[in-house]
Amino acid sequence: MTPVLRTERLEFLPYRAEDEDAFVGLLRNEEVCHWMGQELVPEPDLRALFRAILTEIYPERRFDVWGLWLDGAYAGHAELKETGNVPGHELVTALAPAYWGHGLGGEVVQGLLRHAADHLGLTEAYGMVGAENTASLAMCRRLGFRHVRDVVADDGRVTRMLMITTPAPRTSPPASPAQTAGSTSGEPLGGCAPGSAARPGAASGPAERAAAFDIPGPA
């Protein structure tokens, strides 16, 4: 079951039915999708995607998905799931533009890495950021991500595949198969939404904006 997480300023909460409009609004934002390197997805498809989180992803414990909240307001989205690019897990985050440029992207990533180490027993994680997203790439370098290789899309766009070692675990990870590395398929949600296996990402504001790190989102 996706747990509640907390960082200095943010709450990571599993989605509820009443969060649908906030989720759709985030992923219908042109700036967010631009920095994720993806096209806008029709609203009905995003609503179907959100309902799949509630009716399939959570009940089947495929992977962890959260809404990000700051002082009771919806600030973005985060995931931790198996990557479709290489064996391993990737981080996904997308912040709403109003929350860009405040260091929240790095805070989200660090929260996900702590969860990966403490609860999933992971020793490393991946992310992908568009080569043009210099702000998010700088954020990732500050956090300790290392460049693995470049991925070139059919249209010529370049995405940097990055990797980071997780911090030492503070607790023993559970033995549940659904919560251990490599245990579930973690298949992507698809589309422009977070979880798209084609482009992992981490980002946040203009200085850490939505990255196509399967951490879609500003830093």
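Predicted model: local features only at pLDDT ≥ 70, side-chain atom pairs only at ≥ 80, totals over all residues.
Begin by selecting R6 and E11, whose side chains meet in a salt bridge with an N to O distance of 3.1 Å. R6 counts as exposed because its relative accessibility is 60%, while E11, at 29%, counts as partly exposed. Although D71 and E11 are 60 residues apart along the chain, their C-alpha atoms are separated by 8.6 Å. With a relative accessibility of 77%, D71 counts as exposed.

Next, select E90 and K81, where a salt bridge of 2.5 Å, N to O, links the two side chains. Both E90 and K81 are buried.

Move on to R160 and D150, which form a salt bridge whose closest N and O atoms are 2.5 Å apart. Because R160 belongs to strand β8 (residues 158–165) and D150 to strand β7 (residues 146–152), this pair ties together parts that are 10 residues apart in sequence. R160 counts as partly exposed at 25% relative accessibility, and D150 likewise counts as partly exposed, at 34%.

The side chains of R47 and D21 are joined by a polar contact of 2.9 Å, and, leaving aside residues up to four places away in sequence, R47 touches E20, D21 and V24.

To end, display the salt bridges of the whole structure, of which a search finds 15.

Notes:
Residues numbered from 1 in each chain as written. Heavy atoms only, no water. Polar contact = N/O pair within 3.5 Å; in protein donor to acceptor, adjacent residues only side chain to side chain. Contact = heavy atoms within 4.5 Å. Buried < 20%, exposed > 50% of the residue type's maximum accessible area, 1.4 Å probe, protein only. Salt bridge = Lys/Arg side-chain N within 4 Å of Asp/Glu carboxyl O. Helix = DSSP H or I, 4+ residues; strand = E, 2+ residues; numbered from the N terminus.
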